[in-house]
Amino acid sequence: PYTTLFRSRTSINAAGDWDAAGGTFIISDSTVTFDAGAIGKTILSGTTSFYDVIFDNALGDWTLADALRTTNSFTVNAVDTSGDGVDLSGYGLTVSGDFTINTNGEVTASNSSITVSGNWDSNAGIFTENTSTVVLTGAGKTISTAEGATGNGEFNDITISGSYTLNSPSNSSTFVGSDAAATGSLVLGPSATLTVNNPKTI
């Protein structure tokens, strides 16, 4: 077993697969940018918790090989959107900060469980919800989804256990869930619309 320790605020660019299964990788408050210029890359985190994770190459795509955790943010700037982009492949994703999909980004959720403690912003990119579960636990945070929230902004099963405000990119944004529960609070922005097909508790 090995331990790799990077000093605070280090930036790491990973152009290939990521395999941290053989030991302990301590990354402090550093940033790992996955920027492979080819598709078919995998991420095996082992027991690693990342700090900031960024995906940033329009020619690349990535598939999780186990659960991924960030102690701060998860950002998808650019991926090859002809496939699945960042494919969670049924593994858990835990984000202690903000979850962001930008204009050329895509996340395919599969049947994963996604927990986010910061803001959720999939307004500009593509979020394919599949049969995933999203749990939002932040306080005083926001949800921004794509206009209409159909295909690239829709949630399958969502639980809000913190307090969130639903923002809208235009006057026709809709937040959709096949299952929804709220033990916290959700406030609608000025022009947001909430549609829940099968509410649990809200």
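Two strands are counted as paired if DSSP finds at least two bridges between them, and strands themselves are DSSP runs (E, at least two residues; helices are H or I, at least four residues), numbered from the N terminus. The structure is a predicted model, in which local features need pLDDT of at least 70 and side-chain atom pairs count only at pLDDT 80 or more, whereas totals for chains, interfaces and linings use all residues. Residues are numbered from 1 along each chain as its sequence is written, and side-chain values use heavy atoms, with hydrogens and water left out.

With these terms in place, the protein chain shows 25 strands and 0 helices. Nine of the strands, in the order S2-S5-S7-S10-S13-S16-S19-S21-S23, make up an open sheet with parallel pairing. Strands S2 (11-14) and S23 (185-188) lie at its edges; each has a single partner strand, so one side of each is left without a neighbour in the sheet.

Strand S10 is a handy place to look inside this sheet. Strand S10 (residues 74-78) has 4 of its 5 residues buried, where buried means under 20% relative accessible area (exposed is over 50%, partly exposed in between; 1.4 Å probe, protein chains only). Strand S7 (residues 52-56) runs parallel to S10 and is joined to it by 4 bridges, with Ile 54 opposite Thr 75. Another 4 bridges link S10 in parallel to strand S13 (residues 99-104), and here Ala 78 stands opposite Asn 104. Further along, strands S19 (residues 141-144) and S21 (residues 163-167) also pair in the parallel sense, over 4 bridges; Leu 166 in S21 is the bridge partner of Ile 143.

S3 runs parallel to strand S6 (residues 41-44) through 2 bridges, and Asp 19 has Leu 44 in S6 as its bridge partner.

Over the protein chain of 202 residues, 45% are buried.
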